[in-house]
Amino acid sequence: MEWLSAENVVAVATAALGIVASLGVLWYERRVPRRVRIGYRVQLDTPVSSAERTGSAGVRLGLFQDNPHLSDATLVLLRIENDGSQSIADADYTGRELHGLTAEFTSRTIRGVAVTAPRGADHVLDHFTPAAGLRHADGTVYLPRVPLNRGQHFKLLVLLTGGAVGDTIRVSGGIRDGEVSPNRSTTPDDTPPLFSRASRLITVLLTVCVVALASIIVVRDDVRPPMGCAKGELLLTGSTAFKPVAEDLAVKYEQDCAGSTVTVDARGSREGLLELNERGEAAKDGSPPLIALSDVPKGDRLALLSPNEVAVSAYTLVVNDAVPLSDLTTEQVRAVYRGDIRTWDELKGGPEGLPVILASRKSDSGTRDIFERRVLGGPEKAYSSVDCRRKDSDPSSPVFRCELDSTDRVLATVAATPGAIGYTELRSGRLPKGLHTLSLDGRGASPDTIADDGYPFRETEYAYTYGKPPADSLVASFLNYLLRGSGQDVVRTHGHLPCSSPKGRFICAGRAAQ
């Protein structure tokens with residue numbers, strides 16, 4: 001079976017281990033809702049001198065030399081710490097007595113006690129007072145209810161007589177939802193391990209699985225073609241705004257899938273939809289090798305066309321560099337396209353006496369349809385110029401407007417004509433020299449603003465097929481490549497937001513094709 005590969009087995013094992021570990025943690029957290037624990041360990045237990053015990057000469061000075069009662073003295077350094085995952089308050093001690101903990105030194109008698117705390121935790125020592133329960137009797141030290149933050153500790157240095165080094169030392173007391181228990185450390189001042197043995201084991205296993213999976217992918221030298229490659233010929237038609245993306249998609253698919261030929265013939269969204277419908281009706285099997293890319297809905301008359309959401313595209317206004325403006329409000333744009341503003345000097349900062357020339361698209365253009373719906377809120381006026389140079393078609397029209405059959409021609413005309421303004425989809429490449437983009441209501445078109453609800457000049461791009469193509473056809477293969485395969489990278493490279501992305505999915509879902 002194809003799925004039974006080394007990388008798939010490791011991936012499944014990694015996922016299973018992650019699920020088991022997650023369930024184990026959940027079970028543990030439910031069983032032990034809080035991990036409150038006081039740990040203790042003996043860091044030093046030594047005789048003051050070994051002379052009396054071994055018969056060898058011992059050396060003593062000062063207090064130990066002059067006091068015969070200390071001939072069998074021992075020193076113990078006891079560390080007590082909060083080594084759980086929760087802070088401990090004085091109310092967490094559950095004993096009925098004033099004190100919170102007891103430290104018992106079996107068979108020995110306490111002669112003196114000193115309490116120390118690490119630097120920065122001197123406030124802990126404020127709790128060690130007789131009024132708070134600090135005292136000792138015989139071989140027992142009674143310790144107050146000392147609040148301890150996670151990882152905080154204090155130490156007892158105890159001078160004892162009687163007994164022997166190594167006699168049992170035990171700390172006890174009641175802790176709500178917790179325990180007092182001995183702990184271990186490799187060196188006297190080491191802190192307890194941050195992770196338990198089980199946690200370390202799971203981490204190691206997960207790391208090994210991930211490294212193994214990555215190694216298989218990197219070392220494997222076979223280059224597989226995209227899933228579901230098909231041979232044959234395919235035509236991409238429709239939107240001229242999406243033409244640069246379609247051309248790159250065609251080249252990349254042909255490179256990845258040998259034996260396929262993909263041709264791009266972009267002539268406008270509406271014309272592409274009509275051609276797809278006509279060829280579908282004429283096809284014997286009802287599924288022509290044709291995909292129509294469109295940025296407008298298909299309409300009710302083309303009921304057999306099946307829409308597939310590809311990406312969200314942003315559009316922008318462009319103006320000739322002779323007009324130094326960089327931003328227009330939506331109302332100003334509407335006034336320009338109504339003919340209420342005929343020369344640029346009617347807008348603040350516009351050049352004096354330069355007429356406004358509208359370089360627009362023809363009525364079958366999807367980009368024009370988006371501009372009319374999203375920005376103008378109504379149709380553009382009829383054209384009054386054939387070549388965008390002279391107002392020769394309708395001299396009495398309030399607008400100087402021409403119509404062009406592609407986005408590339410709009411850009412070329414605006415760049416070459418002083419005073420010209422037009423619209424285009426957002427392109428990843430450089431715009432022609434001689435024009436610049438205009439922001440709309442202070443918002444510029446960019447890949448970052450595609451998902452911004454405040455930017456209106458955007459629309460979903462669709463890939464239409466005639467009905468549902470056969471699963472083994474070139475149409476189905478290319479569609480899968482575009483919507484879920486490597487084609488998504490091409491779409492993203494050109495500045496569009498794929499509908500398969502989290503943000504794109506939300507926007508595309510709200511603009512389903514009609």
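**View 1. Surroundings of Ile421 in the predicted model**. Leaving aside residues up to four places away in sequence, Ile421 touches Val318, Val319, Leu328, Tyr337, Trp344, Val356, Ile357, Leu358, Ala359, Val414 and Leu438. Ile421 is also listed, with Leu317, Val333, Tyr337, Trp344, Phe371 and Phe457, among the residues that have the most contacts inside the largest nonpolar core, a set of 28 residues. At least two residues of this core come from each of strand E13 (305-320), helix H7 (330-338), helix H8 (366-376), strand E17 (420-425) and strand E18 (435-440). A second core, separate and made of 27 residues, includes Ile38, Ile88, Leu101 and Ala121.

**View 2. An open sheet of four strands**. The strands follow the order E5-E6-E3-E8 with antiparallel pairing, and the edge positions belong to strand E5 (135-137) and strand E8 (169-172), each of which pairs on one side only. Strand E3 (residues 101-105) and strand E6 (residues 140-143) are paired over four bridges, with Leu143 in E6 as the bridge partner of Leu101.

**View 3. The disulfide of Cys229 and Cys257**. The sulfur atoms of this left-handed link, which has -60° about the S-S bond, are 1.9 Å apart. Cys229 is partly exposed, at a relative accessible area of 32%, whereas Cys257 is buried, at 1%.

**View 4. The disulfide of Cys388 and Cys402**. Here the S to S distance is 1.6 Å, and the link is right-handed, with 90° about the S-S bond. Cys388 lies in the loop between H8 and strand E16 (401-404) and Cys402 in strand E16, so the pair ties together parts that are 14 residues apart in sequence; both cysteines are buried.

Key
Residues are numbered from 1 along each chain as its sequence is written. This is a predicted model: local features need pLDDT of at least 70, side-chain atom pairs count only at pLDDT 80 or more; totals for chains, interfaces and linings use all residues. Side-chain values use heavy atoms; hydrogens and water are left out. A nonpolar core is a set of buried Ala, Val, Leu, Ile, Met, Phe, Trp, Tyr and Cys residues joined through side-chain atoms within 4.5 Å. Buried means under 20% relative accessible area, exposed over 50%, partly exposed in between (1.4 Å probe, protein chains only). Contact means heavy atoms within 4.5 Å. Two strands pair if DSSP finds at least two bridges between them. A disulfide is a pair of cysteine sulfur atoms within 2.5 Å.
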